[in-house]
Amino acid sequence: MNKIASFTTSSVGRKLLMGLTGFFLCSFLLVHLYLNLFLLKQDRGSTFDSYADFMATYPLIRPLEIILFAGFLLHAFVGVWLWIANRLARPVRYAVNRPSENSTLSSRTAFWTGTFVLIFLVIHVNTFFVSSRFFPSGISMYERVCEAFQSPLYVSFYLVALAFLAYHLKHGVQSAFQTFGLKRKKYETLITATALVFWLMLPIAFAVLPLYFLLAH
Amino acid sequence: MTLDSKIPAGPIEQKWDNHRFAMKLVNPANKRKYHIIVVGTGLAGASAAASLAELGYRVTALSYHESPRRAHSISAQGGINAPKNYPNDGDSVYRLFYDTVKGGDYRAREANVYRLSQVSNAIIDQCVAQGVPFAREYGGLLDNRSFGGAQVSRTFYARGQTGQQLLLGAYSALMRQVGLGTVKFYERREMLDLVVADGKARGVIARNMVDGRLESYDGDAVILATGGYSNVFFLSTNAKMCNATATWRAHKRGALFGNPCFTQIHPTCIPVASEHQSKLTLMSESLRNDGRIWVPKAKADKRAPNQIPEEERDYYLERLYPSFGNLVPRDVASRRAKEMCDKGHGVGTTGLAVYLDFSDTIKRNGKAWVAEKYGNLFDMYKQITGEDGYESPMRIYPAVHYTMGGLWVDYNLMGTIPGLFVLGEANFSDHGANRLGASALMQGLADGYFIIPYTIGDYLASNKFPKLDAGAPAFKDAETSVADLTKKLIAVRGKTPVDVLHKELGKIMWEYCGMGRNSAGLKKALALIPALRERFWKDVTITGSADAFNQELEKAHRLADFLELAELIVRDALLRDESCGGHFREEHQTEEGEAKRNDTKFSFVAAWEFAGTNRPPKLHKEPLKFDYVKPSQRSYK
Amino acid sequence: MSGTMTITLNVWRQRDRNSEGRFALYTLPNVSPDMSFLEMLDLLNLDLVRKGEEAIAFDHDCREGICGTCSLYINGRAHGPLKGVTACQLHMRTFHDGDSITIEPWRAKPFPVIRDLVVDRSAFDRIMAAGGFVSVRTGGAPDANTIPIPKPVAEEAMDAAACIGCGACVAACKNGSAMLFVAAKVSQLALLPQGHAERARRVESMVAQMDAEGFGACSNTYACEAECPKQISVTHIARLNSEYLRANLT
């Protein structure tokens with residue numbers, strides 16, 4: 001028990017938690033995208049809705065849902081914890097500083113891009129999840145999606161959020177590999193490719209959907 | 001005072017073993033009752049402090065650095081010698097001993113050198129076990145390379161950073177003991193006096209360099225491992241803080257100073273660029289393997305080197321030494337460069353440099369070949385001078401680099417004050433008049449790991465130590481004298497900053513007591529130095545206060561001592577009316593211009609006793625006997 | 001190369017650990033391009049001392065880039081604008097006539113300012129004392145060639161061992177993290193067979209001490225590698241991470 005406590009409170013342990021929850025959330029994104037792609041199936045959303053129903057009603061999904069939320073919360077909580085500790089490590093800041101000379105913007109702003117993604121998630125979960133799960137009104141998930149994605153305002157917000165997610169993952173995915181100690185020369189290409197799938201391909205694929213609905217309808 | 005070197009009887013191979021058996025031991029349970037003060041935590045000090053703490057002694061270690069890892073040992077590039085004979089090329093303990101005595105131009109103690117050679121193999125074992133990443137061959141075993149002054153490959157190395165890696169090994173051993181609580185390490189403490197009570201060294205007074213407070217450290221024995229005094233020349237390859245204060249103040253308390261005039265000059269340093277130059281940087285001597293050294297035949301030739309045609313160049317080393325050419329020993333190469341510049345053939349804006357030209361090698365083997373072998377040195381040269389050594393020849397000039405002289409010690413590494421032990425470059429013992437490459441690291445670690453742990457036990461077991469604490473009169477007196485000296489320094493309130501006076505001292509030393517020395521010049525220096533010292537005490541200005549962090553005050557203390565030590569160096573050089581190793585008296589050279597020893601008159605160690613500032617010191621002689629390596633004349637023609 | 005420059009310097013001055021600091025502005029004429037950066041500061045100090053003012057305190061020693069003592073944050077960069085170079089190896093020819101240069105001390109909670117540009121880096125020593133060693137007694141070592149070590153492994157260990165402990169990694173990191181420093185030692189001793197017996201205890205103790213000193217966590221921005229004068233690679237941080245994981249899982 002002591003070991004677990006010292007592990008989770010150490011800086012390296014907390015980073016490993018960040019990486020672990022990050023990988024977990026990425027895997028969720030894949031599942032999410034897989035299901036979203038059924039929106040493109042020309043069946044007026046019946047396949048999509050059946051999956052949505054399954055997710056809402058199948059009993060085994062519940063614990064997974066809770067784990068997923070816990071994952072989000074843990075990722076956010078540890079992120080904030082680290083951010084505060086990291087700020088405290090430099091109480092007096094430099095008068096002149098040129099971080100752009102030694103590091104990428106995405107790596108320095110992961111906390112802020114993450115925060116924005118979190119805000120988006122709250123709204124996103126509220127739009128699609130909370131209302132259908134807790135206040136069912138007979139409107140199908142497909143109809144909700146259609147409605148939301150036909151609002152240019154919502155779509156713009158969604159796209160901006162995806163851009164932030166992409167930027168967050170641009171740093172996050174390769175960073176998690178580093179945190180797990182996997183970033184070695186020989187895996188370099190593999191890691192870059194995997195990271196590219198997550199930070200570039202995945203958000204683009206997500207972005208196709210609102211654009212499709214907005215332009216097609 | 002009679003100097004007793006305490007060299008054990010018996011054949012040289014058995015001296016150390018016999019001595020180790022004869023020495024008294026301290027019972028393991030009693031070791032913690034003894035408290036040892038170690039001043040300086042470079043290779044010698046850190047290895048000694050760690051080893052003594054492992055044995056069970058209580059150790060207090062002081063350093064003027066913020067961490068033991070900053071010690072100047074870190075700058076050694078080349079390597080460390082040990083006659084492991086891994087390359088199967090005929091090396092042996094005896095051969096390393098022979099090479100070192102001969103390389104030292106027969107002015108070192110045979111018994112000490114033999115012991116150094118004996119324990120050197122264990123140093124490599126120790127360092128490898130600590131995790132020092134020595135260079136290896138593809139089979140996974142340790143690699144060796146050859147180094148100046150030896151015909152076998154016995155130098156172990158870690159890229160060009162051997163000193164750094166060995167120091168970090170000793171530092172890690174020391175930090176392990178600090179973590180275990182057996183060593184108390186105090187950083188940013190500069191020793192300003194030695195405390196002698198009832199004739200024994202019992203502690204030191206150190207200045208806390210952060211808040212300026214004087215602190216007393218009491219113990220049963222004091223170890224000085226405080227390095228050499230090359231900075232008496234102001235410009236040297238030594239780190240800026242290297243100084244003689246600890247050894248000099250011990251000298252003033254009664255410790256004899258041995259062979260102070262034995263200084264070593266390194267031929268391949270980057271020359272002085274401006275009057276603001278603060279220190280010199282050494283480039284590995286290996287450059288001379290493939291570079292050709294030359295100066296223009298015409299005096300004060302200001303043409304760019306590439307515009308000077310072949311027939312107007314003087315490859316003077318190749319001309320003077322047809323068989324050794326550019327590979328003559330350090331002292332010869334250095335002296336000839338100075339001679340060329342003195343005659344007006346020097347190059348560069350200052351006229352104090354010679355060319356080291358790789359163009360022939362580049363033509364023959366290509367730039368890539370040169371870059372692979374010497375790339376880091378060319379980069380270093382470019383960083384400092386802004387010039388490309390591949391395009392035009394590099395400029396080099398000799399610089400002071402190491403001091404073989406130091407506090408006199410006996411076979412047990414104890415000075416003339418009982419309980420004062422001196423290790424590493426700070427003592428005078430093993431290198432004679434000239435140190436071979438890759439031998440400094442070896443000596444520092446031999447002293448610290450494998451010699452002092454035995455000999456200090458004998459001293460502690462053979463003596464009684466009445467309780468003495470930091471309030472004892474000896475400590476009070478020493479502290480008062482340091483406080484008075486500090487006050488006196490600050491009170492001068494003159495006009496000249498410390499560094500300006502230090503540069504003047506350096507110029508005098510370099511001019512009259514540098515590579516070439518002669519009676520008239522030395523006598524002139526003997527007049528100039530006391531005059532400069534007088535000016536220092538009338539005109540130095542130190543801003544800031546004594547009770548705060550004050551680098552000007554630190555420098556002033558050090559310069560005050562250099563100004564006294566410089567005079568002793570010159571006196572010693574004047575006394576030694578012969579040439580040997582790094583000490584070249586122009587009056588004594590062979591027809592070929594080589595150092596000419598006078599073994600009948602000068603086969604002794606000159607150990608000087610302090611008799612008061614502005615009073616001539618007293619000379620004691622320790623005769624040197626060579627039973628195994630018979631003195632002969634070097635020749636490199 | 002000839003011709004001198006006039007440089008405006010904005011330097012952090014602070015009397016001691018407990019005092020408030022401030023910037024002071026100096027104009028320094030006659031700066032030669034051949035001077036090193038520290039020689040330029042020497043020149044300024046000569047000026048100040050001649051005027052009866054206190055010299056600017058800054059840490060320095062070997063002035064050839066190996067001792068790790070110099071520690072200046074120059075115009076927003078640890079050790080100044082050049083790559084793979086310590087402040088002492090930086091030369092004024094990198095700057096131009098009329099330039100203004102801001103010099104600050106390393107900024108991190110575990111590196112308190114002692115005076116002006118001098119900081120206390122003893123936190124690094126305490127991390128080393130916690131585990132940065134192989135526990136081997138003097139005299140207890142087997143023959144140096146007993147254990148062969150493949151050349152590439154020895155070379156990689158040497159890459160890590162090249163760390164000079166200057167603290168530029170901490171200074172440059174937005175989190176004031178000491179991971180590159182700690183990782184260099186952990187990685188060196190994890191690579192070499194001599195370090196294996198203590199590998200778990202070493203990484204745990206060193207990380208615990210690093211945290212206790214108040215250094216931040218690693219965000220993998222790799223600013224440390226970019227500013228490291230010895231260009232130590234962040235792959236050593238990856239190795240520390242896996243060592244830490246391994247120590248906790250086994």
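The model is predicted. The predictor assigns the complex an ipTM of 0.98 and a pTM of 0.96. In chain C the average pLDDT is 96, and 99% of the residues score at least 70.

Between chains C and B, 66 residues of chain C are in contact with 62 residues of chain B. On the side of chain C that touches chain B, two or more residues come from each of the helices H1 (37-50), H2 (122-131), H3 (151-161) and H5 (179-191) and from strand S6 (113-115) of chain C. H1(C) gives the most to this side, with seven residues. By residue class, the side of chain C that touches chain B divides as follows.

| Class | Residues of chain C |
|---|---|
| Nonpolar | 33 residues |
| Polar | 16 residues |

Chain B contains an open sheet of four strands in the order S17-S11-S21-S22, with antiparallel pairing. Strands S17 (406-407) and S22 (618-623) of chain B are at the edges; each has a single partner strand, so one side of each is left without a neighbour in the sheet. Strand S11 (257-258) of chain B runs antiparallel to strand S21 (604-609) of chain B and is joined to it by two bridges. Gly258(B) has Ala607(B) as its bridge partner in S21(B). Helix H16 (551-575) of chain B packs on the sheet and touches S11, S21 and S22 of chain B. The direction of H16(B) makes about 145° with that of S21(B).

How values were computed: Residues are numbered from 1 along each chain as its sequence is written. Chains are lettered from A and ligands numbered from 1 in the order in which they are written. This is a predicted model: local features need pLDDT of at least 70, side-chain atom pairs count only at pLDDT 80 or more; totals for chains, interfaces and linings use all residues. pLDDT is the predictor's confidence in each residue, from 0 to 100. Two residues are in contact if their C-beta atoms, placed from the backbone, lie within 7 Å. Ala, Val, Leu, Ile, Met, Phe, Trp, Tyr, Cys and Pro count as nonpolar, Asp, Glu, Lys and Arg as charged, and the others, Gly among them, as polar. Two strands pair if DSSP finds at least two bridges between them. Axes are lines fitted to C-alpha atoms, for helices over the stretch in contact, and angles run from 0 to 180 degrees between N-to-C directions.
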